[in-house]
Amino acid sequence: MKKQLDLKRLWQTIVREFALNKINILIMLASLTFLNLLLSYISQRPYFPRMGWLSADGFPVIALVYCMIITSSSFSELNTADRKIDFLMLPSSIIEKFIVKFIYTTIGFLLLSYVALSLSAMIVEIYRYLFPNANLFKRMFHTYSHFNFGGFLQVYFALHSLFFFGAIYFKKLELGKTFLAFAGLFAALNIYLSLISLLPFFENVNTPLEILNIPLQINVNAELSIQSWRKITVLNNTVQNIISIIMFYIMPVFLWALSFIRLQEDEVTDGV
């Protein structure tokens, strides 16, 4: 295929993807709307604990869970030989196939989440209009008026890049394997940050092996100067900022690029 990116062919691939998944899209829309209404209902019950995710504010968490599930299965065609050949033999380039999957799991799902949120909010408003004295559901328009959408997008794209790469790299049990890899990465970062924050309380630590073997001498009576505390605080903040930049800006781009390279390898391997 000489022309790698053709807008007409790309549009036809998008329409085909929508036609194949329209039932799944309707199911996701209905389930997201129902879950948002359920969270709104739970948040009005006085006998439930006041937890952030157990309220209407918890809908973004539900959306992130859906993101992980949907994205990890976005390349399910690659799991079996017959479906893989059919997918790779489609009259579109590998770039167009990649773009279509990327659009559906980013812009497409974000729009779907917004539609589900709007539908549930409209249902609540209609209900409160018909029954003004009832408090069965919590109002949603005010709940999300000050929502940190930028922060949500950062987390969403970071998770998307991980599970998008896992969907291409792993051939079976993509969700579970990617989740375990993500949990391991998250645990390693937490351990590293915890060790940095504990540095002021350790005395005579020479090698990282001592930390792993736990033969640490804790100097209970040690007194740190204000200047030392400031340096340690600056070090902590610097490391956390660097990790945040890597996690939310560098890692997504890197994993998306790696996903495309992996998809190209699959195409070459099958001789398409």
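On a 1 Å grid over the protein atoms alone, a cavity is a set of points where a 1.4 Å probe fits but cannot get out, whereas a pocket is an open set with protein on both sides within 12 Å along at least five of seven lines, and lining residues have an atom within 4 Å of a point. Grid points are joined across faces, edges and corners, and a volume is the space filled by probe spheres set on the points. The model treated here is predicted, with local features needing pLDDT of at least 70 and side-chain atom pairs counting only at pLDDT 80 or more, while totals for chains, interfaces and linings use all residues. Residues are numbered from 1 along each chain as its sequence is written, and side-chain values use heavy atoms, with hydrogens and water left out.

By this rule there is one cavity of 30 Å³ or more, and the largest cavity has a volume of about 30 Å³. Its lining consists of T13, R16, E17, F87, L90, K97, V100 and K101, with α1 and α4 as the elements that give two or more residues; helices here are DSSP runs (H or I, at least four residues), numbered from the N terminus. By class, this lining has three nonpolar, one polar and four charged residues, where Ala, Val, Leu, Ile, Met, Phe, Trp, Tyr, Cys and Pro count as nonpolar, Asp, Glu, Lys and Arg as charged, and the others, Gly among them, as polar.

The largest pocket has a volume of about 720 Å³. Of the 29 residues that line this pocket, E17, N21, M28, I70 and Y104 lie nearest its centre, and two or more lining residues come from each of α1 (7-43), α2 (59-72), α3 (81-88) and α4. The pocket lining divides into 16 nonpolar, seven polar and six charged residues.

Helix α4 (residues 94-130) also meets helix α5 (residues 149-169), their axes coming within 12 Å and crossing at roughly 145 degrees. The contact (heavy atoms within 4.5 Å) is made by F98, K101, F102, T105, T106, F109 and L110 of α4 and F152, L153, Y156, F157, H160 and F164 of α5, a set of nine nonpolar, three polar and one charged residues.

Confidence is expressed as pLDDT, the predictor's confidence in each residue, from 0 to 100. The chain has a mean pLDDT of 77, and 75% of its residues reach 70 or more. Over residues 51-56, however, pLDDT is below 50, and it stays under 50 over residues 202-222 as well. Where pLDDT is low, the predicted coordinates should not be read in detail.

Notes
Axes are lines fitted to C-alpha atoms, for helices over the stretch in contact, and angles run from 0 to 180 degrees between N-to-C directions.
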